[in-house]
Amino acid sequence: MTHALTVAERGRYTTSPNPRVGCVLVRDGAIVGEGFHARAGEPHAEVHALRAAGEQARGATAYVTLEPCSHVGRTPACAPQLVEAGVVRVVTAMSDPNPQVAGRGHAILREAGVEVVEAIAPAAARTLNPGFVSRMERGRPWVTVKVAQSLDGRSALASGESQWITGEAARRDVQFLRARQCAVLSGIDTVLTDSARLNVRLAADDLGIEGEVRQPVRVVLDSGLRLPPFAAIFDAAGPIWIYTRDATDGVHHEALLRREATLIEAPAAPRLGLDLDFILADLARREINEVLVEAGAKLAGAFVAAGLCDELVVYQAPMLLGHQARPALALPEPAALADVRRWTLVDETRLADDLRLTLRPVR
């Protein structure tokens, strides 16, 4: 199963909106076939493994990182194909949280006389697909907030100058972080001030994948619809979704539509202008599993303050910008230390002179 989880990781940059899944077929103590799900609409991991094994799949055990699917979507169901191939035992890391499956895949296998061992590595399997699990169980994507800051927690000088706080290695690492996401989200002020494009600027060889690089959806929160149709974000490939208070027809709306932007009306909310809960729920309905928030201190801080940040990725540079510099996160001050939200460090990686810290809130 550990090997199957490693095989599944090969789809980390391509599989969205489907979950990352790996399958390993074992017969007489030897691996006879393995595979991973690469892209939505293409064969699932079990099918690739069965094709690799051929006749050796008969009598084999299948180790699958997620319960085999039981429904016909863009591809045929996997559970019946395992039965047809003569697999006699199926071991899964976790049950599928998708209501369309949710135990039905295991049931099909058992009814056909296949031995089933369920959920032997649920924690590892959930870590592999935090966004898919979040979308199915919570009705919203997994949200990662990314900030680049100095040692004293500042993201820009008082003048707004911020390029570049972190070094080249850290900035390149951000590209890999973006490539894993279904969507990259920012606010209108950041998009305009930084001429942000929010796209992945890596080649397929950099990511170790075949075919075209999958660009995440660029999501812009623009309550007053100020984004001009000639903004830099339109110079990069990939879909652009704009959440705004008013998505009705108009000259400016039509100009954005001609740039192939999607306009989505969202309810208003105090301070930020748009309801973040609504936006996350709507992104989930649009099959967005994982969202990377790359925004200014106000919007990034709002996700954190509202408890909507599942993971905080901090790129920390060895410099001090001073107390008048702009903060990385704009957060309300707690009334007492006992009220402070605690975070746990799950990863620390050095990138040349910078550090990448990955933290998750203590629940």
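How far is the sulfur of Cys 182 from the closest cysteine sulfur?

**View 1. The two cysteines Cys 182 and Cys 309.** The sulfur of Cys 182 lies 17 Å from the closest cysteine sulfur, that of Cys 309, which is too far for a bond. Across the whole structure 0 disulfides are found, a disulfide being a pair of cysteine sulfur atoms within 2.5 Å. Cys 182 counts as buried at 5% relative accessibility, and Cys 309 counts as buried at 3%, where buried means under 20% relative accessible area with a 1.4 Å probe and protein chains only. The model is predicted, so local features need pLDDT of at least 70 and side-chain atom pairs count only at pLDDT 80 or more, while totals for chains, interfaces and linings use all residues. Residues are numbered from 1 along each chain as its sequence is written, and side-chain values use heavy atoms, with hydrogens and water left out.

**View 2. The open sheet.** Its 9 strands follow the order S11-S10-S9-S8-S12-S6-S13-S16-S15, with mixed pairing; strands are DSSP runs of E with at least two residues, numbered from the N terminus, and two of them pair if DSSP finds at least two bridges between them. Strand S11 (261-265) and strand S15 (343-351) stand at the edges, and because each has a single partner strand, one side of each is left without a neighbour in the sheet.

**View 3. Strands S8 and S9.** Strand S8 (residues 183-187) pairs with strand S9 (residues 217-221) in the parallel sense, over 5 bridges. Within this pairing, Val 184 has Arg 218 of S9 as its bridge partner.

Definitions and conventions
Buried means under 20% relative accessible area, exposed over 50%, partly exposed in between (1.4 Å probe, protein chains only). Helices (H or I, at least four residues) and strands (E, at least two) are DSSP runs, numbered from the N terminus.
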